[in-house]
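Subject: A structure for you to explore

Hi there,

I am passing a protein structure on to you. Please open it and keep it beside this email while you read.

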Amino acid sequence: MGSADSKLNFRKAVIQLTTKTQPVEATDDAFWDQFWADTATSVQDVFALVPAAEIRAVREESPSNLATLCYKAVEKLVQGAESGCHSEKEKQIVLNCSRLLTRVLPYIFEDPDWRGFFWSTVPGAGRGGGEDDDENARPLAESLLLAIADLLFCPDFTVQSHRRSTVDSAEDVHSLDSCEYIWEAGVGFAHSPQPNYIHDMNRMELLKLLLTCFSEAMYLPPAPDSGSTNPWVQFFCSTENRHALPLFTSLLNTVCAYDPVGYGIPYNHLLFSDYREPLVEEAAQVLIVTLDHDSATSASPTVDGTTTGTAMDDTDPPGPENLFVNYLSRIHREEDFQFILKGIARLLSNPLLQTYLPNSTKKIQFHQELLVLFWKLCDFNKKFLFFVLKSSDVLDILVPTLYFLNDARADQSRVGLMHIGVFILLLLSGERNFGVRLNKPYSVRVPMDIPVFTGTHADLLIVVFHKIITSGHQRLQPLFDCLLTIVVNVSPYLKSLSMVAANKLLHLLEAFSTTWFLFSAAQNHHLVFFLLEAFNNIIQYQFDGNSNLVYAIIRKRSVFHQLANLPTDPPAIHKALQRRRRTAEPLSRTGSQEGASMEGSRPAAPAEPGTLKTSLVATPGIDKLTEKSQVSEDGTLRSLEPTSQQSSADGSPTAEEPGQAWREQRRLSSASASGQWSPTSEWVLSWKSKLPLQTIMRLLQVLVPQVEKICIDKGLTDESEILRFLQHGTLVGLLPVPHPILIRKYQANSGTAMWFRTYMWGVIYLRNVDPPVWYDTDVKLFEIQRV
């Protein structure tokens with residue numbers, strides 16, 4: 001039958017379904033088979049031939065027929081999984097049912113009255129068909145999920161058959177050990193099966209249905225207690241699914257083994273259509289959804305460094321119920337870590353591959369899913385995090401992350417990408433090794449819209465952060481605390497900042513310490529505290545190599561004097577705020593000598609008008625996101641959380657912690673009737689007295705007269721002579737006793753778990769346009785907005 005006839009028959013069946021007012025019996029196979037037995041319709045056809053309005057009409061006007069349609073489609077998938085889909089006809093029925101369910105499920109989820117439907121058992125659907133079988137009947141959702149899992153390891157349908165000849169009886173579906181059919185070599189599996197286009201397409205269709213099952217989460221509003229687990233994911237990732245381990249491994253290996261470049265031959269992707277990429281995208285999306293698990297509320301496996309012979313470490317205490325999270329947290333072999341890290345780094349770097357031949361490599365689009373996956377790996381598997389930081393391989397993650405941050409800084413539709421990138425760097429910056437790795441010289445010249453500089457990866461990070469703060473859009477302001485916390489965390493380990501980076505840091509201090517900025521919001525002064533803390537760390541612990549920074553501090557010494565003499569009387573506060581109303585500019589761009597941008601770079605562009613974006617929930621403040629630890633002499637960390645008051649009380653100069661003195665500030669600053677916050681003298685005094693300026697003031701007191709003397713004696717206007725003097729200078733014995741290093745480490749919390757859930761589903765919603773699985777359905781987890 002031709003495809004036009006096929007479509008016509010399918011459309012006729014849909015019209016019959018929508019116009020029938022009487023319930024159609026489940027036993028009326030002649031009617032139901034029209035939807036899947038005699039047709040060959042692509043998923044795009046199904047979406048076109050089953051309009052949203054008609055699905056909703058059946059749901060409202062003849063609910064029993066919609067229920068029967070779903071039940072019969074699931075029954076066909078279960079039969080296909082039982083039989084092993086040997087004939088072409090059976091394969092076609094499975095694909096047709098899969099496409100139809102993908103189309104209909106979102107409309108079941110959007111109606112609260114239907115939400116329990118898949119979790120109810122269907123009368124008479126017991127395993128033996130007899131009356132007394134209803135007791136052990138499975139809910140429809142469970143039957144559907146188990147059938148999908150079986151079908152994903154179905155020989156000659158989604159995996160290569162191991163049988164030599166077709167004469168032999170086919171492999172028995174029930175005795176089949178799916179661990180021998182893992183889709184790709186990598187973690188826990190050495191054999192790479194022959195690529196097979198048809199198998200990849202079939203896997204992709206089933207994974208799309210699986211993702212649609214999981215997407216019920218999109219139809220529930222964001223709840224503050226993110227403990228609400230997704231029942232579909234919970235069941236699929238439980239011991240009930242005998243394929244959980246091979247499927248987890250198949251998804252992970254398929255993503256990490258993918259090489260979009262076309263085997264190193266330029267333009268290869270133009271000759272061969274890459275059918276692997278859609279499967280890899282789907283695999284990445286299913287993987288991150290199954291790993292949506294609030295680690296703050298569950299015991300995470302310990303790190304004890306032991307290794308066993310298997311891919312999954314069995315020495316740890318039993319991890320979470322979710323087997324995917326459990327397996328992920330127990331991967332421990334070095335070669336497995338290497339495979340995962342190399343794979344993710346290769347894919348993240350792909351958009352940066354600007355060879356001499358534009359378009360010569362295929363550009364992948366799923367970097368956001370990869371960043372979420374990398375985050376989950378580091379969050380759930382501490383051994384992986386330590387492995388990443390053990391060598392300079394971490395820089396292969398850092399550079400693309402900075403590239404994405406810099407590229408997206410002006411684009412309002414990519415706020416989520418900005419957040420995930422910054423969260424990853426915050427997580428990494430809590431480990432000493434990350435700061436140490438940043439000292440590696442930066443020689444890769446990825447074309448980026450930033451000033452040209454010669455220096456290290458630390459310089460790259462600072463220059464990009466400066467660019468985000470001074471030329472990103474307004475909605476990024478909540479991230480400033482995070483960006484500067486990262487700078488503070490790495491500062492004690494930075495051996496030698498370039499002049500460009502040193503000037504950028506001082507420009508930020510200058511911008512953040514203007515009186516109107518300090519007085520215009522209750523938390524703005526925290527940014528000054530963070531910068532002063534970073535300067536103190538470098539001066540106290542890395543003075544020798546940092547003559548550029550010391551020189552920049554001397555040149556901009558007036559900024560520090562102004563801070564020390566900050567006015568606190570009401571008229572001065574009032575006057576500063578008046579000046580603010582005249583200058584609407586968020587941050588001064590002046591005073592930062594912008595060098596020419598790198599060759600070949602494109603400026604960061606705002607979103608095209610009309611671009612769709614999804615809303616995000618607010619992220620927790622930096623005090624909730626991190627916990628403070630003190631670095632001891634031997635380099636170990638000691639948590640300071642329970643007694644966060646002590647650090648300021650003992651007189652040591654620590655930056656006042658955001659959040660800690662927050663209630664105190666609310667008391668000191670007056671909130672006027674309109675709810676507008678306004679600063680008071682007491683409030684300014686309360687934090688001005690804590691500004692950690694001692695170290696810098698002492699440095700200026702010692703070095704400024706010496707530098708001035710050189711200039712007068714030699715009639716110098718030349719920087720190099722002064723820098724040479726500063727390089728050989730020393731402040732040993734002249735500075736205050738070094739303060740202990742404070743690190744603010746990321747800590748898991750339900751606020752970020754909820755943020756990740758809304759971000760991840762927003763990405764999946766927007767990226768699935770062909771077919772548009774969720775478009776125009778009533779999602780509740782986020783709002784869809786146009787820029």
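Below is what was found in it, from the whole protein down to single residues.

This is a predicted model, in which local features need pLDDT of at least 70 and side-chain atom pairs count only at pLDDT 80 or more, while totals for chains, interfaces and linings use all residues. Residues are numbered from 1 along each chain as its sequence is written, and side-chain values use heavy atoms, with hydrogens and water left out.

**The whole protein**

The protein has 34 helices and 7 strands; these are DSSP runs numbered from the N terminus, with helices being H or I runs of at least four residues and strands being E runs of at least two. Of its 787 residues, 56% are buried. Here, buried means under 20% relative accessible area, exposed means over 50%, and partly exposed is in between (1.4 Å probe, protein chains only). A contact means heavy atoms within 4.5 Å. Among contacts between residues at least 6 apart in sequence, 79% join residues at least 24 apart.

**The core and its rings**

In soluble globular proteins, nonpolar side chains tend to be buried together. A nonpolar core is a set of buried Ala, Val, Leu, Ile, Met, Phe, Trp, Tyr and Cys residues joined through side-chain atoms within 4.5 Å. The largest one here has 245 residues, and Phe35, Phe118 and Trp761 touch the most other members. Helix 6 gives the most to this core, with 11 residues. Leaving out residues up to four places away in sequence, Trp761 touches several residues, including Leu211, Phe214, Val289 and Phe782.

You will also find 37 aromatic pairs. Rings of Phe, Tyr and Trp (its six-membered ring) pair if their centres lie within 6.5 Å; planes under 30 degrees apart count as stacked, over 60 as edge-to-face and the rest as tilted. Phe118 and Trp232 make a tilted pair, 5.6 Å centre to centre with 55° between the planes. This pair links distant parts of the chain, 114 residues apart: Phe118 is in the loop between helix 6 (88-109) and helix 7 (140-151), and Trp232 is in helix 9 (residues 231-236). Both Phe118 and Trp232 are buried. Ring pairs also join them into a cluster with Phe109, Trp114, Phe117, Trp119 and Tyr219.

**A helix and a loop residue**

Leu291 sits in the loop between helix 12 (276-290) and helix 13 (323-330). With a relative accessible area of 0%, Leu291 is buried. Its C-alpha atom is 8.7 Å from that of Leu328, which lies 37 residues apart from it along the chain.

**Backbone details**

The peptide bond from Asp770 to Pro771 is cis, with omega near 0°. Pro771 lies in the loop between helix 34 (750-767) and strand 7 (784-786), where Asp776 is also found. Asp776 has a positive phi of about 60° although it is not a glycine. Cys85, in the loop between helix 5 (63-83) and helix 6, has a positive phi too, near 50°. Are these two residues buried or exposed? Cys85 is buried, at 1% relative accessibility, whereas Asp776 is exposed, with a relative accessible area of 66%.

Enjoy exploring!
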